[in-house]
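Visitor: Could you walk me through this one, starting with how the strands are put together?

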Amino acid sequence: MSVIRIQNLGFRYPNSENWVVQGLSLDVAAGEFLSIVGGSGVGKSTILRIIAGLIEPQSGKVEISGSPDQGRRRRAMVFQDGRLMPWRRISENINLGLEGLELTKKQKQNRIDHVLELTGLTDFAERWPHQLSGGQVQRVGIARALAVEPDILLMDEPFS
């Protein structure tokens, strides 16, 4: 069974005559690992943003199977640049993804502690983003995505 079904997807940016993505169809099964490979500017990030629900396609559709769970997110995105809030400590940046989920304060803290340990960042929980290396910032982005226990994890060049 498909977890993600993309049918005839098309997208172009405003004021552009060129399609970034056109006619893309694919299915991704549960447990499947899929990589989208291509040169710079060919639409890899755009496809991920559409699947994540951050932008709407001009044509086609994306279907995500399964039913929402109040304690989890169906999709989580790890961006190329980490996207940390400079005014939040590392643990607070991870907690950002948990906001709005029906979790107790203790459950949120347990998830934060777990992903900090998983990503090797336990000792950095109270640091500010500017105090981290680029690789550590990227690991915080990964930890934030994992903390929401997503069904689908979308990663845009997370190891670059």
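Visitor: How many bridges join strand β1 to β3?

Guide: This is a predicted model, so to speak: local features need pLDDT of at least 70, side-chain atom pairs count only at pLDDT 80 or more, and totals for chains, interfaces and linings use all residues. Residues are numbered from 1 along each chain as its sequence is written, and side-chain values use heavy atoms, with hydrogens and water left out. Strands here are DSSP E runs of at least two residues and helices are H or I runs of at least four, numbered from the N terminus; two strands pair if DSSP finds at least two bridges between them. β1 covers residues 2-11 and runs antiparallel to β3, and the bridges joining them number five.

Visitor: In what order do the strands of the open sheet sit?

Guide: β2 (21-29) and β3 (59-64) are the edge strands, each pairing on one side only. The three strands pair antiparallel, in the order β2-β1-β3.

Visitor: At about what angle does helix α1 run to β1?

Guide: Axes are lines fitted to C-alpha atoms, for helices over the stretch in contact (heavy atoms within 4.5 Å), with angles from 0 to 180 degrees between N-to-C directions. Helix α1 (residues 44-52) lies across β1, β2 and β3, and its angle to β1 is about 120°.

Visitor: Is Phe11 of the aromatic pair buried or exposed?

Guide: Rings of Phe, Tyr and Trp (its six-membered ring) pair if their centres lie within 6.5 Å; planes under 30 degrees apart are stacked, over 60 edge-to-face, the rest tilted. Phe11 and Tyr13 sit 4.7 Å centre to centre with 85° between the planes, an edge-to-face pair. Buried means under 20% relative accessible area, exposed over 50%, partly exposed in between (1.4 Å probe, protein chains only). Tyr13 is partly exposed at 37%, whereas Phe11, at 5%, counts as buried.
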